[in-house]
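Please have a look at it before I go on.

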Amino acid sequence: PKVPQDREFFVYGRASTPGPRTEHPVASGQSWMDDTAMTSPQTQPDPGSETRDENPSATPVGTITSLPIYGLDELFVAYGFKVRTAFGLPQRPVHAYRTVQTFACHVATSFLEVIERQGLPEGDGVFVPGACDTLNNLADILAWTPAGRELDPGARRFIGYLDFPEPDARGAEAFLRAEIARVKGRLLEHYGLVEDREAEAACLRAYAAGHEAIRALYARRRRGETRISAEAFADFLREEPSLARADLPERIARLEALPGAPGATDSTRPSLFVSGITLPAPLAAALDAMGFLVVDDDLAQGYRRFSGAYPDAGLSLEEALTTKFLSLGPFSTTSRGPGVRAPWIAARVRESGARGFVYLRYPWCEPEAFDAPPMLAAVRALGVPVTEITLNPEKPAEAATITRFEAFHEQLT
């Protein structure tokens with residue numbers, strides 16, 4: 001597509017400034033980018049971000065803005081940082097379009113949007129995992145593009161990048177362990193910190209307990225022992241469960257004590273297994289209102305992060321995180337291929353007893369798209385009805401999407 005001449009853009013590893021950039025660039029023909037919906041970076045917090053304060057009484061070293069996919073939260077929290085998750089889908093991702101092309105992944109644009117809206121105060125940093133070809137470029141975008149340098153004029157902020165290998169590749173374990181050690185070394189050097197193995201071990205123990213608590217919650221949900229509305233569960237995950245917090249069990253108990261989804265009774269409510277990147281809150285609320293019951297998921301902002309068992313105590317931070325990452329389920333960004341993922345998903349759907357399977361497709365997410373055909377075929381082979389819906393990230397619960405779900409509801413009932 002033609003690039004408007006009033007903004008910066010980033011294409012395949014190179015930054016370009018074709019002309020002077022306005023404060024709120026609006027592309028020709030993109031009417032949904034209306035000026036009335038735009039705000040400055042300081043005036044409106046993004047609904048898709050959440051700051052996690054695992055130790056509210058302590059003065060944090062700084063805040064690390066991170067994606068939850070292959071995040072190094074344990075490392076950052078062990079050394080006194082807050083972690084801010086940037087994974088939302090902003091209603092008006094205008095600012096980020098100055099930095100990446102409009103056809104880029106919405107996870108990438110929302111990540112940049114959160115950073116630009118809320119800024120990078122002195123002492124803060126950014127962490128990006130190399131989960132796919134698009135996310136691989138985010139660290140360089142922030143470090144080298146004019147817009148990135150505008151956010152950090154003196155290049156004083158910490159920008160961390162984890163090169164995630166193919167899990168089944170030869171030498172993947174040693175490579176990933178060395179990568180985590182490299183990020184840790186850069187973090188300590190940048191902030192002038194001293195390695196503290198005791199703090200790391202304590203943080204790993206807290207995260208292990210939290211990780212298993214979330215896995216147990218998913219198991220109860222899958223077995224039908226707890227009925228949680230899709231909206232409440234999505235809100236809980238979007239708040240980023242703060243696995244190191246001591247009050248996590250109480251938060252889970254409050255979640256399970258909430259009334260279930262309204263609508264039909266449990267015996268007639270069609271149960272769903274949802275796959276994709278994330279289940280936006282407006283869409284989750286709509287599913288509740290229609291009488292659906294989500295019993296399990298394969299969401300990047302959901303079960304994927306908890307699909308592997310947390311490693312036993314006694315390992316170093318580098319060893320523990322390596323073990324955790326390599327034990328995660330076979331997902332699109334782990335490059336294990338559809339021949340592994342499809343039967344794995346089918347087994348999970350069978351275990352959940354879901355009556356329907358929903359695949360939420362996001363535009364321009366090629367890793368997810370490549371896995372979709374064999375995954376959907378494997379679920380159909382179980383005799384489970386399937387629907388594939390492409391979401392509009394800016395309007396995830398628009399009328400066309402709701403109509404598709406209403407038709408699927410009729411099919412299941």
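Predicted model: local features only at pLDDT ≥ 70, side-chain atom pairs only at ≥ 80, totals over all residues.

Residues are numbered from 1 along each chain as its sequence is written, and side-chain values use heavy atoms, with hydrogens and water left out.

The structure holds 12 aromatic pairs, where rings of Phe, Tyr and Trp (its six-membered ring) pair if their centres lie within 6.5 Å, and planes under 30 degrees apart count as stacked, over 60 as edge-to-face and the rest as tilted. One of them is the stacked pair of Tyr70 and Phe164, with 4.1 Å centre to centre and 10° between the planes. Tyr70 lies in the loop between strand E4 (63-66) and helix H1 (73-78), and Phe164 in the loop between strand E7 (158-162) and helix H5 (172-191), so this pair ties together parts that are 94 residues apart in sequence; helices (H or I, at least four residues) and strands (E, at least two) are DSSP runs, numbered from the N terminus. Both Tyr70 and Phe164 are buried, that is, under 20% relative accessible area, with exposed being over 50% and partly exposed in between (1.4 Å probe, protein chains only).

Phe81 and Tyr191, by contrast in geometry, pair edge-to-face, at 4.8 Å centre to centre and 70° between the planes. Phe81 is buried, with a relative accessible area of 4%.
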